[in-house]
Amino acid sequence: MAEMYGKTTGCSGGLGGSMHLFDVKTRFYGGNAIVGGGLPLAVGLALADRMRGDARVTACFFGDGAVAEGEFHECLNLAALWQLPVLFCCENNFYAMGTALDRAQAQTDLSVRAASYGMPSWPVDGMDVHGSGRGGAITRYDVERAAASMRRDRVTPLARRLAAELGVDLKIVTGTGAGGAVRADDVRRAATADRPAEEAPGPVTPAPEARLPEVPAREGRQPAGPATTVRRPERAEAMRLAIARLMSRSKREIPHYYVSNTVDLGAALSWLRERNRSVPMSARMVPAALLLKAAALAAREVPELNGFWAEDHFVPAPAVHLGVAVSLRGGGLITPAIHDAADLPAAELMSRLRDLVNRARAGRVRGSELTDATITLTNLGDQGVESVTGVIYPPQVALVGLGKITERPWAVNGLLGIRPVVITTLAADHRADGYTGARYLSLLAELLQKPEEL
Amino acid sequence: MTPEQACVTIKSVLGEIAPDADCDDLSAEADIRDTLGLDSLDFLNFVEMLSQRSGKRIDEDDYPQLATLASGSAFLAGP
């Protein structure tokens, strides 16, 4: 009553008034002046609990008028889709705001609406509530059973994506996470152990595939031991499968065209040698860092190659997030992105590269790093090959390849000399672009002649 | 540091950088980077760790001397 009168002693400090009663102490998250307005808030609270791993149930009360709101349907759908722990209670008085239910609704049994979202629901006589307790009382058992039935299908988002990609039926996967939640590792284990011989065609969507080789952060924190060594081949195998699918799709769908250029690195390498001589050992840069910086800058200058092919047209990306192919020890390859690579000074790019490669090999890459690349670079030069023409990572439209830096006879101003050179290549999507690949590589070569400006 | 101690140091550093590789099988004259598949960043880690443990400054011009176990041990044990 104090709240109704706007007194500071009210449960909402007098600020809520009659329409916005709330009391965080008792976990009452408020009434709402908007019809159906409490539903999205309840779903949000349940999602928060799920993400934080809190074993709670959110109860949400609304009237029969709210079931005519769009929010009601959106909220039931999301709660069912994400298996969120929400108890929706519709208090049906048959006269929402004074309109008789049968004058406004074709279906007056409101409990069946939940059925369209695959959600268990029951009509309950509010004047005579039944539970499993004595005299129909609702007991702790009833609440726990309701919560358990929701928890049964707990799956981490990564595991869900992985299962869809690998064609694993989540119902047969045993969860080892908190509260029996199915984790990515469980899906990988099921995929390698129980996979039938013939391939199940899985749903193919661009973004989840690109995210696939993700390794959950917690894995990296586990102490090294037998568990780690046992898991490794499975992880490598699952990754191999994901790469196989992504690359097959790339070759099937993307009409690649290729250009290549041999670049004199004489200026870049002597500048680098001088620089490295004058800095502490930990600040030394490898040639790859300069090449990365030049590749990122060139991508910014040629925006036609920096972005995605989506729904039959090219979508340029607002920034250059340079994906870098990193081979993992024991097999596998991931291409995490260095964010805003074109804007970073070369030395900063070098330390990001070191950090990224170290983390990639320790299995500690962040999800955003695996999904955000706008153009990718592969540097096989370290493996001793002269040049590499790559396969584009869908939905990106270009892939830069760098070969080994080798000394070659080279003519400059009519004179023959020995120069360090590198073969740069570009594979690009002909749907998005047919000629800027050449411009990109010339620009890359030009930038590498002025290493001090990188 | 004697050449023998240097050789042990090199092997233990390599064991940390490439845990999957079997450094005991690495012959004295084999090219370390090629045999273990080290990329340029691995090699930089290798050089840094060697420098820390031996207390010896290693310039880029010295890199060729770290190509094999034999030449690397001689280099680290040298003046």
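1. Arg361(A) is buried, with a relative accessible area of 19%; here buried means under 20% relative accessible area, exposed over 50% and partly exposed in between, computed with a 1.4 Å probe on protein chains only. Arg361(A) forms a salt bridge with Asp42(B), and their closest N and O atoms are 3.0 Å apart. A salt bridge is a side-chain nitrogen of Lys or Arg within 4 Å of a carboxyl oxygen of Asp or Glu. Because Asp42(B) lies in helix 3 of chain B and Arg361(A) in helix 12 (residues 346–362) of chain A, the pair joins two chains. Asp42(B) is buried as well, at 5% relative accessible area.

2. On the basis of the work: this is a predicted model, in which local features need pLDDT of at least 70 and side-chain atom pairs count only at pLDDT 80 or more, while totals for chains, interfaces and linings use all residues. Residues are numbered from 1 along each chain as its sequence is written, chains are lettered from A and ligands numbered from 1 in the order in which they are written, and side-chain values use heavy atoms, with hydrogens and water left out.

3. On the interface: 22 residues of chain B are in contact with 19 residues of chain A, contact meaning heavy atoms within 4.5 Å.

4. One salt bridge is between the side chains of Asp61(B) and Arg277(A), at 3.3 Å from N to O. Helix 3 (residues 40–54) of chain B gives the most to the side of chain B that touches chain A, with eight residues; helices (H or I, at least four residues) and strands (E, at least two) are DSSP runs, numbered from the N terminus. By class, that side of chain B has nine nonpolar, four polar and nine charged residues; Ala, Val, Leu, Ile, Met, Phe, Trp, Tyr, Cys and Pro count as nonpolar, Asp, Glu, Lys and Arg as charged, and the others, Gly among them, as polar.

5. On Asp62(B): this residue is found in the loop between helix 3 and helix 4 (69–77) of chain B. Asp62(B) is buried yet has no salt bridge, and the nearest side chain of opposite charge, Arg284(A), is 6.9 Å away; Lys and Arg count as positive and Asp and Glu as negative, with His and the chain ends not counted. The side chain of Asp62(B) does reach the backbone nitrogen of Asp59(B), at 2.9 Å.

6. On chain B overall: its secondary structure comes to four helices and zero strands. Buried residues make up 47% of its 79 residues.

7. On salt bridges elsewhere: the count over all chains is 20. Glu386(A) forms a salt bridge with Arg408(A), the closest N and O atoms being 2.5 Å apart. Glu386(A) is partly exposed, at 40% relative accessible area, and Arg408(A) is partly exposed at 34%. Asp355(A), Arg359(A), Arg366(A) and Glu369(A) are linked in a network of salt bridges.

Conventions: A polar contact is a pair of N or O atoms within 3.5 Å; within protein, one must be able to donate a hydrogen and the other to accept it, and residues adjacent in sequence count only if both atoms are side-chain atoms.
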